[in-house]
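Subject: Handover of a structure and the findings from it

Dear colleague,

Please find below the structure that I am passing on to you. The notes that follow it set out what was found.

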Amino acid sequence: MLVYGTMMVNSTTGGSGLARQLLGIVVGIGLLVLFWIFDYRKIKDWSTPLLILSALLMLAPRIPGLGYSAGGAQSWLAIAGIRLFQPAEPAKLVIILFYASIVVRNDGKIESLKEYLKLLGIAFIPVILILTQPDLGTSLVFIAIALGILLMGGAKARWLITTLVLGIALIIGMVSLNTWLGDTGKPVILKAYQMNRLLVFVDQTRDPKGAGYNLKQSKIAIGSGEVSGKGIGSGTQGKLNFLPARSTDFIFSVIGEDLGFTGAAVLLGLYLALLMVALSVAVSSVDLFGTLVAAGIMSMWVFQILENIGMTVGAMPITGIPLPFMSYGSSFMVTNLACVGVLLSIWTRRPFQSISKGV
């Protein structure tokens, strides 16, 4: 998957992004090895200090001189105008570790609605921090992580379904309220680009030269690839710059155009294998903390894959979420590889746990 992703990033950036992407892979593999060697059970004791550090880092881009804006969000930490990394990316792993430790402290039992709501409320703390940037897409990833851990932690399915239904109702209510406030000339809740993305999702023929341009070009790119594609770097939508954000948010559209249905199917097969491995680690771990951490990592990947690919074909709203191991972005790559290291740590130590318990 790393080879596949590097090849596509090199093609979509014309080689200009290759060095930074390779740097992210090297640093990420280094962290992968460190997390693999380190006993994941000891990380549980560090989850709260890591959360505090992570929260401070997420607020840092709001400090004048330390922030860098990209894609409508001031989410990059920068010094002297040089982008360093996105604090929200490593925060995903920190939240997984912290949230899993909280559920473990609750004895892994979520037997009442009161306990469920309390744990769900804790999950919204980092979401609010991310929304201040504002970065709606990343905040949704945090919610997906929390729901995955809660599900594996014993929360009833009907509570989770009710939460999702209320979340959708909240979004519909915000859009309606936003429209009304806009008509009356009062300050609105959603930014114009966020509102347009939701409206284009509902009506995909809306404003094809403006707000609906990205989705239209993405569909053309994927459809024109047919079965075998046009060849790497030969897709006209990507090569002639019709397709925006082709190395990041819309890299799946480039894969569909350059490598066709075959290339897209291979990628989906790789993702399925990755998720099955994560699920295997979660189910087979004899340690509750390990189970919940693996569930959180798997939930993060599932949401990001479904949302990214879904938005390129119009099945999901466009939110600016990159595709794991494929999109250009060193911070994103480092975090994903670190998550692989944590999964390996859980899996590797499983036999020792079994021996100590006499299994």
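Does tryptophan 36 count as buried, partly exposed or exposed? Tryptophan 36 counts as partly exposed, because its relative accessibility is 37%; buried means under 20% relative accessible area, exposed means over 50%, and partly exposed lies in between, with a 1.4 Å probe and protein chains only.

Please note that this is a predicted model, in which local features need pLDDT of at least 70 and side-chain atom pairs count only at pLDDT 80 or more, while totals for chains, interfaces and linings use all residues. Residues are numbered from 1 along each chain as its sequence is written, and side-chain values use heavy atoms, with hydrogens and water left out.

Tryptophan 36 lies in helix 2. Helices are DSSP runs (H or I, at least four residues), numbered from the N terminus. Together with Ile29, Val33 and Ile37, Trp36 makes a nonpolar surface patch of about 360 Å². Such patches consist of residues with over 30% relative accessible area and no salt bridge, with nonpolar side chains (Val, Leu, Ile, Met, Phe, Trp, Tyr) joined within 5 Å and like charges within 9 Å. Accessible areas come from the Shrake-Rupley method with a 1.4 Å probe, and for residues only the protein chains shown count as cover.

Salt bridges

Side chains of opposite charge can pair when their charged atoms come close. A salt bridge is taken here as a side-chain nitrogen of Lys or Arg within 4 Å of a carboxyl oxygen of Asp or Glu. The whole structure contains four of them.

Aspartate 39 takes part in two of the pairs described here: with arginine 41 at 2.8 Å, N to O, and with arginine 349, where the closest N and O atoms are 3.8 Å apart. The latter pair links distant parts of the chain, since aspartate 39 is in the loop between helix 2 and helix 3 (40–43) and arginine 349 is in helix 14, 310 residues apart. Aspartate 39 counts as buried at 15% relative accessibility, as does arginine 349 at 13%, whereas arginine 41 counts as partly exposed at 30%.

Lysine 92 is buried, with a relative accessible area of 2%, and glutamate 89 is buried at 5% relative accessibility. Salt bridges that share partners join Asp39, Arg41 and Arg349 into one network.

The second largest pocket

On a 1 Å grid over the protein atoms alone, a pocket is an open set of points with protein on both sides within 12 Å along at least five of seven lines, a cavity is a set of points where a 1.4 Å probe fits but cannot get out, and lining residues have an atom within 4 Å of a point. Grid points are joined across faces, edges and corners, and a volume is the space filled by probe spheres set on the points.

The second largest pocket holds about 380 Å³ of space. Helix 2 (18–37), helix 4 (47–59), helix 5 (88–105) and helix 14 (330–356) each give two or more residues to its lining. Helix 5 contributes the most, with five residues. In total 19 residues line this pocket, and Leu31, Pro90, Ala91, Leu93 and Val94 lie nearest its centre. The lining has 15 nonpolar, four polar and no charged residues, where Ala, Val, Leu, Ile, Met, Phe, Trp, Tyr, Cys and Pro count as nonpolar, Asp, Glu, Lys and Arg as charged, and the others, Gly among them, as polar.

The cavity

One cavity of 30 Å³ or more is found in the whole structure. About 40 Å³ of space lies in the largest cavity. Its lining includes Arg197, Phe201, Leu215 and Met311, and helix 9 (residues 192–202) supplies the largest share, three residues. Seven of the lining residues are nonpolar, two are polar and one is charged.

Backbone angles in two loops

Alanine 245, in the loop between helix 11 (236–239) and helix 12 (251–284), has a positive phi near 45° although it is a residue other than glycine. Alanine 245 is partly exposed, with a relative accessible area of 35%. Phenylalanine 325, also not a glycine, has a positive phi of about 70°. This phenylalanine 325 is placed in the loop between helix 13 (288–313) and helix 14, and at 5% relative accessibility phenylalanine 325 counts as buried.

With kind regards
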